[in-house]
Amino acid sequence: MSAGATVARRNTLGRALLYAVLAVFAILYLMPLYVMLVTSFKPLEEIHQGNMLALPDTWTFAPWREAWGSACIGLECSGVHGYFFNSIKIVVPAVLISGLLGAFNGYVLTKWRFRGHKIVFGLILFSCFIPFQIILLPMARVLGILHIANSTTGLVLVHIVYGIGFTTLFFRNFYESFPDELVRAAKLDGAGFFTIFFRILLPASVPIIVVTIIWQFTNVWNDFLFGVSFTSGDSAPITVALNNLVNSSTGVKAYNVNMAAAMVAAVPTLIVYILAGKYFLRGLMSGSVKG
Amino acid sequence: MSTPPSLRGGARERLQHWLPRLVLSPSFVLVLFFVYGFILWTTYISFSNSGMLPDYTWAGTRQWSRLWSSWTWGIALHNIWVFGLLYIVTCTALGLLLAILLDQRIRAEGALRTIYLYPMALSFIVTGTAWQWFLNPGLGLERTMHSLGWESFSFNWLIDANMAIYTVVIAAVWQATGFIMAMFLAGLRGIDGEMIKAAQIDGAPTWKIYGRIIIPQLRPVFLSAIVVLAHLAIKSFDLIVAMTGGGPGNATAVPATFMYSYAFSRNEMGIAAASAVFMLAVIAALIIPYLYSELRESRS
Amino acid sequence: MSFLHIHNVHKRFGDTHVLKGIDIAIEKGDFLVLVGPSGCGKSTLLNMIAGLDAISEGELLLNGERINDVHPSRRDIAMVFQSYALYPSMTVAGNIGFGLEMRKVAKARRREAIQRAAELLQIENLLDRKPAQLSGGQRQRVAMGRALVREPQLFLFDEPLSNLDAKLRVDMRTEIKQLHQRLGTTIVYVTHDQIEAMTLATRIAVMRGGELQQLGTPQAVYDDPNNLFVAGFMGSPSMNLVTARITRHEGRLVARIAAPAGDVTLPIVRDRAALEAWCDRDVMLGLRPEAITDPASANREDGDIHEATLEIALVEPTGADLYVVTQLGGRSINARMRPGAPLSPGQSTRFAFDVSRMVAFDPETEARIRDEVPATPDEASTGHADSTGNADSTGNILGQNA
């Protein structure tokens, strides 16, 4: 039963006003995305003359083609596609490995507790909340020592390390409410540590796996700080490339290309959000309100 | 859960006993080294002579006093204070308002929720790019208003040193409000409906039911929202880089951009480290009590 | 040597002493029910037998072998959990067969065993379903099938019926009892429901606060409780407990109980020797509701009936019985009368007390006052050969001192 539901009155005027306010906010929230989209389909002259909100007079895919394949970022003029694939190369292993580690940690911290498990969890959890500025300097040196500075491999390591906190949190909270009796029953049945995990817990973990993957995917894909601090040139992720493209001070600003590039950077996470918004929200919620 | 009985004999059973800790240890070692080791290292550097390269000679509080006498750091602190306050207050107020409006048996609630929340899925760089264009003084909103007939409309905050920080607030609020709304909505849905029915029978008008009964019960949500927003604000870096690059001049510098530029462009490692330690201290003061109380509650 | 021997077992969680030296021994084929209020340590004890909780002190012997440190899966026991603990991702057949699979039993034999267990429990048609598609009662059966299929030496049940609705609970109780009788298995069963304990057990262990209060057959625990706690815990409606003064009346030991219309005096026929020492002191007297009846339903053959007139405060018909509440010793007491008896509140009527079933407790220590501790719990349940004959009931000393 929703709180407002019982409060709501059958006041027609009030209802109309209510919908009007909600609609205005919806338009405000959609506006930037709309402007981005229409701009990306306009030729540059039209942008310079016309109304930002107007639909294109002549639709053109040229800005998208240019953004993808030939826009100049720094000295390289081959668009953002290489950086897009960099991001994919970073995201996939980082998400999978940090997710797996988090699942194991959550399992141990709830079903195989040992003395001091709370402190261990607290220490891991706190790592979610540190301002990453505190690790930029030493991380840059360590990546250099490991010869993975300025590489997607280096960023994979960084994202795994600082992703563990959240993935552990997600799985721990999920397994916390997973009945202990099932684990006890499996122990009596003769199942060991890994058998219990892979046969009993993991098959029941689909929702939290989805939440974790979406959360990690969004975070790693959208990361800028690590990308800009630890990579440059060819190995940068898409966010860094987008920023370099948009905020480079040379030449005429091709707003339509910028917006197309921004859309390229935004599309993967937007798709995930539209397809699995429920899980996306669950991740956000459990990232803020501990269970 | 219990610990299993001490196991006599059987290497396999002894292994089973140690396995959980063994499985946890790689993560724990990574976190210890890359989080706590690095925190210690950075803290030490903030008390050293380090410039372009680490220099481990002890310099006392030299870097700290250089930090505090820095003009830009003063601006950064001022900005984060203004930005943080406006961001938290606006997001919370707007988020609560939207949540209450959405909680009135709205027909298209699902669609509206999706619309309000989608910016949270975007990268700050995308958000920054979009809003930079939207608020572009020459071609953006200003031009649009002119072409709609409002000739005197002027909006050049983006390049106005005094106002630029507010454009960042607008974009940041746009991005996070939906999330705060979702938090409040979840809180509203958790309130006992019978209590509200009782209040209605007692004759309380709707606004009073919200003011006196519902909103006071959302206190934990307020706390969570404020902590989350404060935490996001202090870490804000991407959005400022994408929208204003910290400019015009240093007008929109915040501690995060300050730290970055001293670390990687100005080669002042010591000052950068000191500013990072300061940020950590502020966040720790905010987060640790919060985490402590949250974990405590969940235990009972 | 008994089959399962729990010898001076202690459990400590940090500073809290959960079990304080439990001694229980049962034979093969016994159905032991651990019963007590929540927090009494019964589930902890069960988990220790299963090997899921470590034993802090003491010994656990199964079939003469010390199993304190044997891994749960090697104890040859099976357990039915309160929540059933069915693996959500496996089918019913997968659930039942999992333990065999872990023991590397060949697939064909596994299938046979699953089939047999399913037939026994009449769940053959459910084998391909997932636990989420089952009703509570079906889940209960699957959980039992999972235990049965392994043919263990010992079955453990942890409040297995507490998640079922009232009707199903009674049905499943009967089935468990039938299964026990048919298979002759040894069972340790935990419950907080004393009716379950009474109906199922061959041995009841009543526990409170980590201590064993009494171990015996259901009848012994019911008729011959060790202390006030056991007396009050077992039985529903519970035993009537009233304060009474032991005095001598016309040369005989009697208990005098205050009542609104004048004291009621009942002769002491049980534990007379022990109660001699309590002359002119107060004791707590216990009498089951079914030992206070209307004169017509009184059991004059085995009992020792004395009557008194009391005023009815309340009448509670349950259909099968008629419970009549009256005031005695400053308390409301329950009497079980013939259903349909024309009784109404405010009316005074004759109450028949079967004093041969009366027990007395020390009001301070709450311990039973009895002649001698019976050698084995069984003997205690075999009635009371020493109770005085019916001659007394015609009663020279019964009655009220107006």
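How many residues of chain C are in contact with chain A, and how many of chain A with chain C? I began my notes on this predicted model with that point. I counted 17 residues of chain C in contact with 13 residues of chain A.

**Entry 1: the side of chain C that touches chain A**

I looked up which elements of chain C give two or more residues to this side, and they are strand E6 and helix H2 (92-102). H2(C) gives the most, with three residues. I then sorted the residues of this side by class and noted 11 nonpolar, five polar and one charged.

**Entry 2: the sheet of chain C**

Strand E9 (residues 203-208) of chain C pairs with E10(C) in the antiparallel sense, over five bridges. In this part of the sheet I found Ile204(C) opposite Gly216(C) of E10(C).

I next checked H4(C) against H2(C). Their axes come within 7 Å and cross at roughly 30 degrees. Angles under 35 degrees count as roughly parallel, and that makes H2(C) roughly parallel to H4(C). I recorded the crossing as right-handed. From H2(C), the contact is made by Val92(C), Asn95(C), Ile96(C) and Gly99(C). From H4(C), I listed Val142(C), Gly145(C) and Arg146(C). By class, this contact has three nonpolar, three polar and one charged residues.

**Entry 3: the record for chain C**

I looked up the annotation and found that an unreviewed UniProt entry gives "domain: ABC transporter" for residues 4-234 of chain C. Over residues 4-234 the chain is 37% helix and 26% strand. The end C-alpha atoms of these residues are 25 Å apart.

**Entry 4: chain B against chain A**

I turned to the contact between chain B and chain A, which takes 92 residues from chain B and 82 residues from chain A. Which helix gives the largest share of the side of chain B that touches chain A? I found helix H1 (residues 11-45) of chain B, with 17 residues. I put this side of chain B at 65 nonpolar, 18 polar and nine charged residues.

I picked out one helix pair across the two chains. Helix H2 (residues 12-40) of chain A packs on helix H5 (residues 124-134) of chain B at an angle of about 80 degrees, with the axes 10 Å apart. H2(A) and H5(B) are therefore roughly perpendicular to each other. H2(A) makes the contact with Pro32(A), Val35(A), Met36(A) and Thr39(A). H5(B) makes it with Ala130(B), Trp131(B), Trp133(B) and Phe134(B). I counted seven nonpolar residues here, one polar and no charged.

**Entry 5: the record for chain B**

The unreviewed UniProt entry gives "transmembrane region" for several spans of chain B, including 114-134 and 163-188. Residues 163-188 of chain B are 96% helix and 0% strand, with end C-alpha atoms 36 Å apart.

Key:
Residues are numbered from 1 along each chain as its sequence is written. Chains are lettered from A and ligands numbered from 1 in the order in which they are written. This is a predicted model: local features need pLDDT of at least 70, side-chain atom pairs count only at pLDDT 80 or more; totals for chains, interfaces and linings use all residues. Two strands pair if DSSP finds at least two bridges between them. Helices (H or I, at least four residues) and strands (E, at least two) are DSSP runs, numbered from the N terminus. Two residues are in contact if their C-beta atoms, placed from the backbone, lie within 7 Å. Ala, Val, Leu, Ile, Met, Phe, Trp, Tyr, Cys and Pro count as nonpolar, Asp, Glu, Lys and Arg as charged, and the others, Gly among them, as polar. Axes are lines fitted to C-alpha atoms, for helices over the stretch in contact, and angles run from 0 to 180 degrees between N-to-C directions. Angles under 35 degrees count as roughly parallel, over 145 as roughly antiparallel, 65 to 115 as roughly perpendicular and the rest as oblique. A crossing is left-handed if the near helix is turned anticlockwise from the far one by less than a right angle, and right-handed if clockwise. UniProt positions are given in the numbering used here, feature names are shortened, and annotations may be inferred rather than shown by experiment.
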